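Visitor: I would like to learn how to read a structure, feature by feature. Where do we begin?

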Amino acid sequence: MTSKVMSMGIFGMQSFMVEVEADISGGKFRFDMVGLPDTAVSEAKERVQAAVKNCGYSFPFNHITVNLAPADVRKEGSVYDLPIFIAVMIAARQLTDNFKDAAFLGELSLSGDVRAVNGVLPMVIEARESGIKRVFVPFENAGEAAVVEGIDVYPVKNVRQLLAFFGGDSGALSVLKPEKTIFCDEEISDFSPDFSDVCGQHAAKRAIEIAAAGGHNILMSGPPGSGKSMLAKRIPTILPDMSFEESLETTKLYSIAGLLKNKSGLVKTRPFRSPHHTVSAPALSGGGSIPKPGELSLAHNGVLFLDELPEFQRTTMEVMRQPIEDGEVTISRVAGTLTYPCNVMLVAAMNPCPCGYLGHPVKECTCTAAARARYRNKISGPLLDRIDIQIDVPAASYREISGSQKEESSKEIKIRVNRAREIQRERFKGTGVTCNANMTAVQTRNYCVMEDDAAALIKRSYDALGLSGRTFDKILKVARTIADMDGCDIIKREHIFEALTYKNVNI
Ligand SMILES: Nc1ncnc2c1ncn2[C@@H]1O[C@H](COP(=O)(O)OP(=O)(O)OP(=O)(O)O)[C@@H](O)[C@H]1O
Ligand SMILES: [Mg+2]
Ligand SMILES: [Zn+2]
């Protein structure tokens, strides 16, 4: 007998329906798997066979053929174990076929437990789009699946439970309603970082607020212990709340990467990723035999923090450059190229020199001029070009660090950031651009209208400092953000003046 059940596959962010067909004919035992399965899919044979036996059914030792359609798309991973199991059970007449409207996802253990798989959220979304009404998923993936409305999600712990349910025991499984969805980061911990923890550093905080308000990348340079990492970690707390679409996209990436915690729903807080400087190129951009998003994409809609920037290999920096500019990473594979989104705010930190004390008011820098030059040269110029705001973060004074002054909270700062973003949303409506940092050259000319004395100031600086056209554009963009924060349509001299200071870093 021949049977057919539905499952789902994924390639990059793209999900697609997979038909799992099983045919059992007489003759000697053979288990063939066709339809471009990878090694993990082929191993499903062993797991399905063991699972059938171990839950008390007899395995059909005849000629079994399993076909995964469409046959021209490579099938990867262990997600097809469960649908193959169901298809074989139907073909062996151990289960009645009434699964036209259902899809199955999940890996099997030898004992028949259903194990978590990656990418359940995007797959369930696609299942709903394709008209599937019921989806049977691993228990551990139920939280992410239940985010999708308009489809019944059945969390399954093991195949015995599933067979009992299909055998008429309606209590064996229950559908998870969307309203039961648990958000993974709703509970606010007592120790969540906040800008009020950082004493003083008002200049740095101001620059960070501007960066957050306009979506600008930022580089902080300062001596060890001045608070650079501390400041960076708090940046997601002042970025605007994620929209539902942003949340869904980030959650999809975490789903595909297999990083959603048990029972978790949508990711609601902006990610903060801080890859170590020894990170490999594939770990940054993603890929692997079963492709997964890398650090760049895990920071999608959040902050990518590169601490100790000069320690990153030049090749690593080069890998990041294009994706940071384009907002997506492209990975080439035998089966074709795939892309993952990576719309990130880049935050980088470094010391001004190898010893860390160049420009320090008290401590002396012990580096040679050559060592300093080498250190600076380590940073890729093209990457630096993508950073609009560059600031010095000197150590806070004793008066500041002794903490007598009450510091502003992230919540207060975020209100101002939101206000500036609102102006940008209006400005760029329907253009695909979301913030000042991403303005095109034409938009920069159109939207950065200056008062006469502001234009005179930037002209004088351009000539005196020997600025490039690119630097000119960056100054305009940052000035645009500062003016937005001030509620000014036309850019004033003071806005240009402040924007100019953010090019003046000690590197
Ligand atoms: N302005 C500050 N307010 C409160 N605590 C601070 C401040 N600056 C530094 N600290 C304290 O010093 C510690 C070290 O700061 P942090 O790790 O951010 O320094 P850093 O600038 O990143 O140094 P490095 O260059 O060595 O990476 C913080 O964990 C915090 O306890
Ligand atoms: Mg640090
Ligand atoms: Zn030094």
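Visitor: Of the contacts in the chain with a separation of 6 or more, what percentage comes from residues 24 or more positions apart?

Guide: This is a predicted model, which should be kept in mind throughout. In the chain, residues 24 or more positions apart make up 74% of the contacts with a separation of 6 or more.

Visitor: What share of the residues counts as buried?

Guide: The chain has 507 residues, and 44% of them count as buried. The C-alpha atoms fill a box of roughly 85 × 45 × 45 Å along the principal axes.

Visitor: How many helices and strands are there, and into which domains is the chain divided?

Guide: The chain holds 20 helices and 18 strands. Domain 1 covers 2–180, domain 2 covers 195–410 and domain 3 covers 439–507. Between the C-alpha centres of domain 1 and domain 3 there are 58 Å.

Visitor: Now the strands. In what sense do E1 and E2 pair, parallel or antiparallel?

Guide: The general idea is that strands of a sheet pair through backbone hydrogen bonds, in one of two senses, parallel or antiparallel. Here strand E1 (residues 2–11) and strand E2 (residues 14–25) are antiparallel, with 10 bridges. One of the bridges to look for joins isoleucine 10 to serine 15 in E2. The two strands form a hairpin with 2 residues between them, and glycine 12 in the turn has a positive phi of about 65°.

Visitor: How many bridges join E2 to E4?

Guide: E2 and E4 run antiparallel and are joined by 7 bridges. Valine 20 has leucine 68 in E4 as its bridge partner.

Visitor: In what order do the strands of the open sheet of 5 strands come?

Guide: The order is E11-E14-E17-E10-E18, and the pairing is parallel. Strand E11 (272–273) and strand E18 (389–392) are the edge strands, each pairing on one side only. E11 is joined to E14 by 2 bridges in the parallel sense, and phenylalanine 272 has valine 303 in E14 as its bridge partner.

Visitor: Next, a helix. How far does H12 reach from its first C-alpha to its last?

Guide: A helix can be checked by its span. Helix H12 (residues 314–326) has 13 residues and reaches 19 Å, close to the 18 Å expected at 1.5 Å a residue. Glycine 327 follows H12 and has a positive phi, near 80°.

Visitor: Which residues of H12 are buried, and against what do they pack?

Guide: The buried residues in H12 are Thr316, Met317, Val319, Met320, Pro323 and Ile324. The buried residues of H12 pack against helices H10 (281–285), H11 (295–298) and H14 (381–384), and against strands E15 (328–333) and E17 (345–350).

Visitor: How should I read the backbone angles?

Guide: Most residues other than glycine have a negative phi, and most peptide bonds are trans. Leucine 36 is not a glycine, yet its phi is positive, about 55°. Leucine 36 sits in the loop between strand E3 (30–34) and helix H1 (39–42). Glutamate 308 also has a positive phi, near 55°, and lies in the loop between strand E14 (303–306) and H12.

Visitor: Why does leucine 36 count as partly exposed?

Guide: Leucine 36 counts as partly exposed because it has 16 C-beta neighbours inside 10 Å. Glutamate 308 counts as partly exposed because it has 14 such neighbours inside 10 Å.

Visitor: Which peptide bond is cis?

Guide: The bond from alanine 69 to proline 70 is cis, with omega near 5°. Proline 70 belongs to the loop between strand E4 (63–69) and helix H3 (81–91).

Visitor: How far apart are the C-alpha atoms of lysine 363 and proline 223?

Guide: They are separated by 9.9 Å, although the two residues are 140 residues apart along the chain. Lysine 363 is in the loop between E17 and helix H13 (369–377).

Visitor: Finally, the ligand. Which residues come nearest to ligand 1?

Guide: There are 16 residues around ligand 1, and Pro224, Gly227, Lys228, Ser229 and Met230 come nearest. Helix H8 (residues 228–233) gives the largest share of the shell, 3 residues. By type, the shell has 7 nonpolar, 8 polar and 1 charged.

Conventions
Residues are numbered from 1 along each chain as its sequence is written. Chains are lettered from A and ligands numbered from 1 in the order in which they are written. This is a predicted model: local features need pLDDT of at least 70, side-chain atom pairs count only at pLDDT 80 or more; totals for chains, interfaces and linings use all residues. Domain bounds come from an automatic or database domain assignment. A residue is near a molecule or strand if its C-beta atom, placed from the backbone, lies within 6 Å of it. Helices (H or I, at least four residues) and strands (E, at least two) are DSSP runs, numbered from the N terminus. Ala, Val, Leu, Ile, Met, Phe, Trp, Tyr, Cys and Pro count as nonpolar, Asp, Glu, Lys and Arg as charged, and the others, Gly among them, as polar. The expected span of a helix is 1.5 Å times one less than its number of residues. A residue is buried if 20 or more other C-beta atoms lie within 10 Å of its own, exposed if 12 or fewer, and partly exposed in between; C-beta atoms are placed from the backbone. Two residues are in contact if their C-beta atoms, placed from the backbone, lie within 7 Å. Two strands pair if DSSP finds at least two bridges between them.
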